[in-house]
Amino acid sequence: MGFAAFMAPLYYASILSLLSVGITLSYMTTKVFNFAHVRYATVAAYFAAATMLTLIVHHHITLNAATRTIGGIQYIMPLPGWIYVVGFVVASIVGGLVSIFLYYAILKPLERKGLPPLALMISTLGFDFLLVAFLFIFMSEKPIINLAAKASSIIGTVNFASLGLDFTDAYIRIGNTMVRGSVLGALVLAVVTTIVLTFLTRKTKLGIMMRSSIENPNLALVLGVNVDRVFAIAWFLAGLIAGMAGFLLLFGTSFLKFISPTSPYNSIVVSVFAGSIVGGIFNVEGSIGGGFLIGLIEKWFVPWLAAVLSMPSLIKYNKVFSMFAVALTLLFIPEGLASIRFSKFRKKKGGGEA
Amino acid sequence: MTNFVILAEQILSFIGIYYIVSIGLNLKAGHMGIPDFGHAMFFAMGGIVVGNIVSHLAAAVAAKSIPGVTVAGVIASNTKTLTIMNRQFFPHHPFLDIGLIILALILSTLLGGFLGWIASLPALRLRGEFLAILLLTVAEGLRVIFTYTKSLMGSTPTVGLSTPALFSWTHNSGVAATVFTIIMALIVYAFVERLHNSPAGRLFRAARDDEDATEALGKNVVTVRRDAMIIGSALAGIAGTVYALNPFLGGGSVAAVSIFNRVWWTFWPWALIILGGMASNKGTGLATIIVGVSLIWPVRLYSFKVAQLLHASALGINPDQFANALEYAFIGLIILIVQASLPRGIIPEPPSRTLPFEKYAKGRILPPESKKK
């Protein structure tokens, strides 16, 4: 199988892992499953899109579809590089700000009232509905629609309401294939996030503060750690990473429907929860791996199985596989794949989880 | 006048159907403390009973007398078969229709309860948020199965199965369906109110509040949780059937899979029971009435006009999207405001009115809350 067939699954898996790690970060700190988490990506995507369209209209930027070469590497970059950078930064900051708003404006006051974790989880659901309501209004406002109309006259069709944006993807030649920039970006970002988070939680003072606050909040408080602020930073990071994922989703047109508010509850939420739980809800690196695993199961393993069994209709049922993954994980290894000590298995010759 | 009747029918149908769904969830989440975030799957079961099983049975009878109707045609050419039956068969066979309605109710109770029993198997091992996430995932997986299995729920997610018009023998099928919905809601209310005061209902709440104490008194908490799950899910199944038989709210003519999503039938019932108060049957009823009336009447009907007003004030918002947004904001704000200001709901959980309690209340000075009786 060539590399090309791997690209869509890898892209999806990277996005899922980026979103799963945020669920884990917020669960580890406050013991709340955040239903609004995936919506951060949508909000961030819309803000990034609006910013990029404004810049395109303001600077009269046209698409450049020519293949260029730099240092012997062929690439296509339809928009100037700095626009991508601006969009990326806007998306990640918006994601982080929405997350921190949820933490300080809703979760903290409710927690102080003594609500149990389940009630807090439901309050994130309420916040999610508010975000959907906001998006419905935001995407249909006159200035935005005018902006989209202007932009479409410059760079081609732009349908802002359903995020049908013509942000043509960038390409880079690796070997014989032109690899989509978004795929490469998602992969690189997933790897970088893993490394940065591992470094942050294990080597820096902030990470040690965070881990001690998770382990025993009261003791950390006594030792002078501002637990509230540490948790808020964790939530900000979770939102930041979700915002990055939202920016990447702008370029994968076939995946846009997952975050469009016009179909408010598409199943990506469930896949993200699945990734977070399968990987290990108490382990940051584990949840990145779990998201990757679920993504590969849904977009690569199931189509492969369908081809092997010659049952093409099986592809549609890919969410059922993640359902079983979650059920098996929760029932048999509730702390996720990251909690398995593989050295034990080698001695006992026990079978691992599929 | 006809507009008013349709509005009243819509509001009453909404209240009736949502009351049954929410009380099923309240039984699980409020009385028993099982955070069921997969409630929509039991509801969808009721829809399948009407759209699939009942249509097949009716087609088996109709195939003898009416040309163009075959049993296989119920799935293969669903719209055509059901249109023929709805015009030529159901209006002329009132007793068969009533029988089919009763059969649908029995089947959906059984199937919803069966599905609830299966879902209760993991519920016995897990607790809290993890159980909620598991049930959410299972419901989504099941929804995917329902969506793409043609023999279960039709060919495409958005079209689904047409439902049989089992009230077409009456003079006004809309009014008949609404009355049926309200009667079902009242029966369910009587049932859960009885259950609330019965030993079984008190056992649910005892097991919720203190498992160890309940087990020490010789009760098996595992079976108690299973029973609550079965009864609550069966109620959701009934609600699904009532919904599919009702021609309003998008049901009735078409039972599309996309209707049985988790926003409408899991998250909205959660919002309603939070507003009404956990383990409070009257509270859920009041919450359903408040939300039903305000959502259907001012929000859905007048949001368009409000949006037009805002449109004039240069905000430039699309009225359609505004109506959608208002609905979501409404539910979201209900959840947040109630959790912040009224964590126990508008009518908090009442004490159990057991038989000795009533006797005591009759003979002696009445406690303040029982004076109404």
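Helices α6(A) and α9(A) are roughly antiparallel to each other, because their axes cross at roughly 170°. This is a predicted model.

**Helix packing**

Two packed helices are described by the angle between their axes and the distance between the axes.

| Helix pair | Axes come within | Crossing angle |
|---|---|---|
| α6 (181-203) and α9 (227-249) of chain A | 10 Å | roughly 170° |
| α1 (2-31) of chain B and α12(B) | 9 Å | roughly 80° |

Take the chain A pair. From α6(A), the contact uses Ser182(A), Gly185(A), Ala186(A), Leu189(A), Thr193(A), Leu197(A) and Leu200(A). From α9(A) come Leu237(A), Ile241(A), Met244(A) and Leu248(A). By class, eight of these contact residues are nonpolar, three are polar and none is charged.

Now chain B. The crossing of roughly 80° makes α1(B) roughly perpendicular to α12(B). On the α1(B) side, the contact residues are Phe14(B), Ile17(B), Tyr18(B), Val21(B), Ser22(B), Leu25(B), Asn26(B) and Ala29(B). They meet Trp264(B), Trp265(B), Thr266(B), Trp268(B), Pro269(B), Trp270(B), Leu272(B) and Ile273(B) of α12(B). This contact has 13 nonpolar residues, three polar ones and no charged ones.

**The interface of chains A and B**

The size of an interface is often given as the accessible area lost when the parts come together. Here, about 4,200 Å² is buried between chain B and chain A. Carbon and sulfur atoms give 79% of that area. In residues, 46 of chain B are in contact with 48 of chain A.

Three helices of chain B, α6 (128-148), α12 (262-276) and α14 (319-341), each supply at least two residues of the side that touches chain A. Helix α6(B) gives the most, with 16 residues. By class, the chain B side divides into 30 nonpolar, 11 polar and five charged residues.

How many salt bridges are counted between chain B and chain A? The count is zero. Polar contacts do cross the interface: the rule finds three residue pairs, with both residues at pLDDT 80 or more.

**Salt bridges**

Side chains of opposite charge can pair when their charged atoms come close. Over all chains, the count comes to 14 salt bridges. Arg202(A) forms a salt bridge with Glu285(A), and their closest N and O atoms are 3.2 Å apart. Arg202(A) lies in helix α6 of chain A, and Glu285(A) lies in helix α11 (residues 284-308) of chain A, so the pair ties together parts that are 83 residues apart in sequence.

Note on methods. Residues numbered from 1 in each chain as written. Chains lettered and ligands numbered in written order. Predicted model: local features only at pLDDT ≥ 70, side-chain atom pairs only at ≥ 80, totals over all residues. Heavy atoms only, no water. Axes fitted to C-alpha atoms, helices over the stretch in contact; angles between N-to-C directions. Helix = DSSP H or I, 4+ residues; strand = E, 2+ residues; numbered from the N terminus. Parallel < 35°, antiparallel > 145°, perpendicular 65-115°, else oblique. Contact = heavy atoms within 4.5 Å. Nonpolar A, V, L, I, M, F, W, Y, C, P; charged D, E, K, R; others polar. Buried area = accessible area lost by both parts, 1.4 Å probe. Salt bridge = Lys/Arg side-chain N within 4 Å of Asp/Glu carboxyl O. Polar contact = N/O pair within 3.5 Å; in protein donor to acceptor, adjacent residues only side chain to side chain.
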